[in-house]
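Trainee: I have a structure open and would like to learn how to read its features. Can we go through it together?

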Amino acid sequence: MSNRDSKDEAGSQEEGTESRQRRERYDHASIEPRWQAYWEDKQTFKAQRREGREKRYVLDMFPYPSGAGLHVGHPEGYTATDIMARYWRMQGFDVLHPMGWDSFGLPAEQYAIETGTHPAVTTKKNIETFKRQLKMLGFSYDWSRELATTDPDYVRWTQWIFLKLFERGLAFQDEVSVNWCPALGTVLANEEVIDGKSERGSHPVERRPLRQWMLKITAYADRLEQDLAGLDWPAGTLAMQKEWIGRSRGAEIVFGVAGHSDSSFAVFTTRPDTLMGVTYAVLAPEHPLVDQITTAQHAEAMSQYVAEARRKSDRDRMAAGSKAKTGFPTGAMAVHPITGEEVPIWVSDYVVWGYGTGAVMAVPGHDERDFAFAKTHALPIVEVVSPDGELHGELSEAYTDPGVNVQSGEFDGLGTADCKKAVISKLESLGRGEGKITYKLRDWVFSRQRYWGEPIPIYFPVTVEEKGGDPRIGAAHTIHHDQPIAVAEDELPVRLPELENFSPGEEPAGTLARVSDWRYFEKDGKWYARETNTMPQWAGSCWYYLRFTDPRNETQAWSESAEQSWMPVDLYVGGAEHAVLHLLYARFWHKVLFDLGIVKDAEPFQKLVHQGMILGEDGEKMSKSRGNVVNPDDIVRDYGSDAMRLYEMFMGPLEAVKPWQTSQIQGVLRFRDRVFNVCTRELTESCAEETRREVHKTIKKVTGDIDKMAFNTAMSAMMSLTNHLMGSDPVPREAAEALILLVSPFAPHLGEELWNRLGHEESLAYHAWPHFDEALCVDDTIEMGVQVNGKTRGTVSLALDATADDARAAAIAIESVARQLEGKEVKKFIYVPKRIINFVAK
């Protein structure tokens with residue numbers, strides 16, 4: 001063969017290689033569905049506990065399946081947990097990574113009211129959409145454990161837990177003022193009422209007393225706060241939990257009412273040292289004393305003021321408290337518990353009945369709200385705490401810091417801490433107060449007057465006025481709500497009746513109250529009435545993490561062995577919007593179950609992470625009304641699910657808020673395609689030392705970053721390694737395999753495809769995570785700047801153990817350095833290994 005023929009053949013081979021590389025592209029439309037089908041067929045991610053293995057329970061805050069399906073912001077947290085689940089499987093842990101549906105909820109019921117479509121039908125359809133989208137994104141859930149809070153078997157055990165609360169006296173009835181919206185036909189939470197109107201539709205809202213089921217979460221207030229100490233949670237969430245619990249140390253003080261020897265009211269204050277500065281007292285409009293002590297002169301106007309206050313939600317009233325401008329005098333006087341002096345009693349809507357004692361002692365000299373109120377209503381302001389122990393005349397603002405008591409009689413000259421103790425001691429000796437710890441936390445209003453929720457498993461005796469009367473057809477009767485009876489466990493679940501009309505009706509009692517055939521039943525010749533309230537949506541999400549450990553158990557909510565094997569949850573990921581209520585309620589239920597001896601841990605969630613919100617391309621929160629929602633179906637269709645996963649993890653730190661930019665997906669597409677390109681080239685068993693070092697450094701970096709859930713920087717390291725390998729052809733097999741294993745938790749379809757192409761028949765899902773050699777992660781050379789008179793004039797590569805003579809010789813050999821030294825005398829040469837090379841020359 002001639003030399004020209006050889007060149008032609010070599011050129012042809014090179015062109016063929018380049019052509020093959022150009023032709024061999026990652027086809028997401030065929031590759032990704034194929035691997036999803038493989039995982040489903042093989043049940044690759046079915047969780048199991050093996051002897052001698054450690055476990056990792058990785059949990060997402062499970063979603064409410066809305067009609068809109070997912071938008072691209074939802075999968076961010078799911079992608080993060082999936083990376084961790086896949087990583088930990090490869091680390092040799094037994095991993096439980098389940099998914100289910102928080103499927104009771106107001107939207108499905110509202111849709112039923114408007115269209116007549118049963119909520120169960122709507123919910124089932126929505127779940128199908130969510131599940132399809134999650135599978136499309138390649139999440140490694142154990143779908144054999146899928147559950148929905150609306151499943152009858154799940155409802156059974158939710159009701160069973162309620163009965164445990166009831167047995168322990170933690171579920172009880174009380175009359176509570178609720179926000180009733182006649183236009184919507186429902187009771188609204190405080191958060192759903194804005195300026196006296198419904199958040200949805202701006203309809204007028206009325207305050208009405210209504211029998212409600214309550215859960216005594218306050219009995220666990222101390223433990224709910226104290227047990228936060230051992231949790232790996234975001235500092236902000238811990239602070240919000242503590243703030244919501246609101247533990248305060250202070251004093252409960254009793255004021256008498258002048259002219260009403262049998263009447264008194266209690267206040268709680270964290271500043272008993274200011275008691276001598278009380279110039280008036282304030283009662284909530286709902287306080288029972290208001291009607292008793294208001295003078296005839298003020299009665300009519302007071303009645304109007306109270307009625308107006310009751311139309312406002314508690315939230316609106318408390319939010320307005322910083323202004324504290326509205327109020328009305330009762331005409332009655334309170335008796336100071338130490339001095340016996342009389343101060344006027346006012347009523348104001350910023351004081352809310354049911355929060356604290358429903359009364360406050362007003363110290364305008366040392367409380368900003370009291371100061372504003374006093375200024376508005378021309379009430380006295382007295383200085384009793386001074387920053388320096390001196391009097392300062394008329395106060396221009398409230399002084400709220402600690403100090404020294406003045407104008408306080410026997411307490412003059414005491415510092416704040418000592419004065420608090422002295423005042424409490426005095427009150428206790430007089431029998432008019434005591435030191436006390438209180439909480440802002442209120443007992444949980446647990447019932448809802450809606451259809452689409454778990455029926456509360458309680459019924460009540462019914463007395464029918466006429467013998468043989470049937471309350472189902474209108475016979476006069478009385479329901480004895482003061483005699484609640486628990487439904488027998490073997491009769492659970494109590495199921496919802498089938499309805500065609502889901503409207504709650506015109507009364508707050510709700511939908512089920514008018515379903516007479518379901519509500520009333522006869523047993524042993526006596527009539528009974530079922531509870532017509534249902535549970536809130538919070539109920540099902542309070543314990544789903546436990547049911548996931550044993551979801552098909554027909555005789556128990558979960559078995560002891562399952563709970564012992566998987567609990568507690570090692571990683572819990574969800575939105576910061578659940579930082580307070582969901583987490584607080586779930587922790588409460590768990591502590592009750594702990595006290596019952598049926599769970600082994602006092603806390604359910606060891607590590608908590610909140611993913612940041614992904615905004616629309618306009619920088620605003622994604623919503624239909626703004627028209628900025630990006631559907632993941634479109635992204636997966638155009639770019640593939642791995643591309644979407646990679647992009648969401650590369651956008652920035654997981655916890656950060658960041659805007660979606662579809663145009664920026666091109667960057668991760670190039671990375672994905674380069675990985676595919678590199679790993680489908682011809683392989684070689686040899687590996688250059690430089691490449692081996694790059695591989696081990698990358699393994700170390702990616703491993704450390706995944707442990708910290710710093711996914712964006714882990715991806716940067718993999719991109720650097722990929723760029724390094726782009727210059728290799730053939731590619732070292734050990735480098736290609738390491739890169740595939742590293743990238744697989746982020747882009748699992750890509751990882752499986754390349755692993756298979758390298759000749760591996762089994763899935764890489766349980767293949768050992770690559771290890772790094774620390775010695776190969778340390779450079780044997782270092783790049784250092786060379787300075788002349790303190791200014792950098794060049795760089796030099798030195799061995800780590802280079803001597804000063806080595807460094808000087810290498811530095812002088814640099815042309816730019818040599819020019820700066822030309823014609824000058826080197827007075828001093830400074831060499832600090834790994835840090836400084838500097839010539840001092842004149």
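Trainee: Let me begin with Phe162. Which residues is Phe162 in contact with, leaving aside its neighbours within four places in sequence?

Mentor: This is a predicted model, so read every value as computed. Phe162 is in contact with Ala171, Trp213, Leu215, Phe446, Ile456, Pro457, Ile458 and Met535. Phe162 is also one of the residues with the most contacts inside the largest nonpolar core. Trp589, Trp660 and Phe711 are the others named there, and that core has 172 residues. Another core lies apart from it, with 33 residues, among them Ile253, Met302, Val306 and Leu427.

Trainee: Now the protein as a whole. What percentage of its residues is buried?

Mentor: Buried residues make up 52% of the 842 residues. The secondary structure comes to 27 helices and 32 strands. Along its principal axes, the C-alpha trace spans about 120 × 85 × 50 Å. Take contacts with a separation of 6 or more: residues 24 or more positions apart account for 72% of them. The accessible surface comes to about 38,100 Å², and 47% of that belongs to carbon and sulfur atoms.

Trainee: How do I read a single side chain? Is Glu286 buried or exposed?

Mentor: Compare its relative accessible area with the cut-off: under 20% means buried. Glu286 has a relative accessible area of 14%, so it is buried. Its place is in the loop between β10 (280-283) and α9 (289-293). Not counting residues up to four places away in sequence, Glu286 touches Arg310, Arg317, Val351 and Trp353.

Trainee: And Glu690, buried or exposed?

Mentor: Over 50% means exposed. Glu690 has a relative accessible area of 55%, so it counts as exposed. Glu690 sits in helix α22 (residues 689-707). Glu690 and Asp779 are 89 residues apart in sequence, yet 9.8 Å apart in space, C-alpha to C-alpha.

Trainee: Last topic: the backbone. What should I expect there?

Mentor: Most peptide bonds are trans, and most residues other than glycine have a negative phi. Look for exceptions. The peptide bond from Leu492 to Pro493 is cis, with omega near 5°. Pro493 lies in the loop between β20 (485-486) and α14 (516-519). The bond from Met567 to Pro568 is cis too, with omega near 0°. Pro568 lies in the loop between α17 (560-566) and β23 (571-574).

Trainee: And phi? Where is Gln43 found?

Mentor: Gln43 is found in the loop between α2 (28-42) and β1 (55-60). Its phi is positive, about 50°, although Gln43 is not a glycine. At 45% relative accessibility, Gln43 counts as partly exposed. Asn789 also has a positive phi, near 55°. Asn789 is in the loop between β29 (781-788) and β30 (791-799). With a relative accessible area of 39%, Asn789 is partly exposed.

Notes
Residues numbered from 1 in each chain as written. Predicted model: local features only at pLDDT ≥ 70, side-chain atom pairs only at ≥ 80, totals over all residues. Heavy atoms only, no water. Core = buried A, V, L, I, M, F, W, Y, C linked by side-chain atoms within 4.5 Å. Buried < 20%, exposed > 50% of the residue type's maximum accessible area, 1.4 Å probe, protein only. Contact = heavy atoms within 4.5 Å. Helix = DSSP H or I, 4+ residues; strand = E, 2+ residues; numbered from the N terminus. Areas by Shrake-Rupley, 256 points an atom, 1.4 Å probe, with all protein chains shown as cover.
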